[in-house]
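Here's a quick briefing to read alongside the model.

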2 protein chains.
Amino acid sequence: MDTTTPNMAEHLEAIGRRLRQKNMRLTQPRQQVLEAFLNSRRLQTPQEIFNNAREQGINIGLTTVYRMLESLSELNLAKALLLHGEIRYIFCPPEHHHHLICNNCGLVEEVFNCPVVQMPTGSFKSQSHQLDFYGLCSRCQVKDTALNPSGEASK
Amino acid sequence: MDTTTPNMAEHLEAIGRRLRQKNMRLTQPRQQVLEAFLNSRRLQTPQEIFNNAREQGINIGLTTVYRMLESLSELNLAKALLLHGEIRYIFCPPEHHHHLICNNCGLVEEVFNCPVVQMPTGSFKSQSHQLDFYGLCSRCQVKDTALNPSGEASK
DNA sequence: TTATCTGCAAAAGGTTTGCAACTGA
DNA sequence: TCAGTTGCAAACCTTTTGCAGATAA
């Protein structure tokens, strides 16, 4: 798994700016959890985000994780998805995009190229759409039956 | 809202057959709840399904609703979707299809015409995809700001 | 300085499980 | 007949709320 990427600082700064636009603050706990969240790139339940943070020595409350996910969701910086019957979150950019989701380890890749051209016809008035692809990431294709190549995302 | 459609009986019979294939039974409570569920065509939380059934004089337990949703999901006859932050269920045919989901009342229409032609490239191996359109059904386009034209699906 | 945020504990909700009685095939 | 199902109550897990102290801007 990656360690902090070179542009992590910029990334966090950009998020901080967006938060401030909404009278929100990029506090230390938020920043620490965000770093872990950004690095993992896996769909995670609030519990998992919390556990991962704790494992990394970050002292944070579960409540804070929930509140952070709520704030990020409002800013379109996090998205909730259903995987394996549970609500899991992924940090993601606010632009229109789709996801490639690994059924095995929960890894998520973004796809900015939207293949949905033909909108539904009829009396229904579509305002948005959500498209996600489910399958296996390159890593899990190799390990295949292995249970959790990179974490605890699958049940 | 519709009342029992002419082919409801056939529909239930087909479901009964599928259930029996899996050593499951189409019992009276299941049948009654299914009728209500099929008629509503709205995304509903287990609680809502339960409440609706009770309102219609069907004596059933919440537990049974949960277990039925689990069984139907295994058979690909029900699907869980996230709407307004809650997990809601819709009864749906096992064939590949997409949904038009009304953000206001939770009404769901199926679309069997799949507009996803271009699959993602790269090392990710896609096994399936899910595409849903969110917007307003014809009814809610008219009433627009009205809160719950046809039920209690929105929060 | 002060509005926002924090962690904790408690409350509130949602979902699952254990069980004895019941029922469909 | 009897495996599968039922409703209820209790257990369990997830999410939200209240609050006094801490903190970013």
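Contact here means heavy atoms within 4.5 Å. By that rule, 33 residues of chain A are in contact with 33 residues of chain B. This is a predicted model, where local features need pLDDT of at least 70 and side-chain atom pairs count only at pLDDT 80 or more, while totals for chains, interfaces and linings use all residues. Residues are numbered from 1 along each chain as its sequence is written, chains are lettered from A and ligands numbered from 1 in the order in which they are written, and side-chain values use heavy atoms, with hydrogens and water left out.

**Chain A against chain B**

- About 2800 Å² is buried between chain A and chain B, with carbon and sulfur atoms giving 61% of that; buried area is the accessible area (1.4 Å probe) that two parts lose on being put together, summed over both.
- The salt bridge count between these chains is zero (a salt bridge is a side-chain nitrogen of Lys or Arg within 4 Å of a carboxyl oxygen of Asp or Glu).
- Polar contacts do turn up: 12 residue pairs across the interface, both at pLDDT 80 or more. A polar contact is a pair of N or O atoms within 3.5 Å; within protein, one must be able to donate a hydrogen and the other to accept it, and residues adjacent in sequence count only if both atoms are side-chain atoms.
- On the chain A side, strand E1 (78-83), strand E3 (98-102), E5 and helix H5 (138-143) each supply at least two residues, and E5(A) gives the largest share, 12 residues. Helices (H or I, at least four residues) and strands (E, at least two) are DSSP runs, numbered from the N terminus.

**A:Asp132**

- A:Asp132 sits in strand E5 (residues 125-136) of chain A, and is buried at 4% relative accessible area (buried means under 20%, with a 1.4 Å probe and protein chains only).
- Leaving out residues up to four places away in sequence, A:Asp132 touches residues of both chains, including A:His98, A:Ile101, B:Ser128 and B:His129.
- Its side chain makes a 3.0 Å polar contact with that of A:His99.

**DNA strand D**

- 21 residues surround DNA strand D, and A:Tyr66, B:Thr27, B:Arg30, B:Ile60 and B:Thr64 are the closest; a residue is near the strand if one of its heavy atoms lies within 4 Å of it.

Definitions and conventions
Buried < 20%, exposed > 50% of the residue type's maximum accessible area, 1.4 Å probe, protein only.
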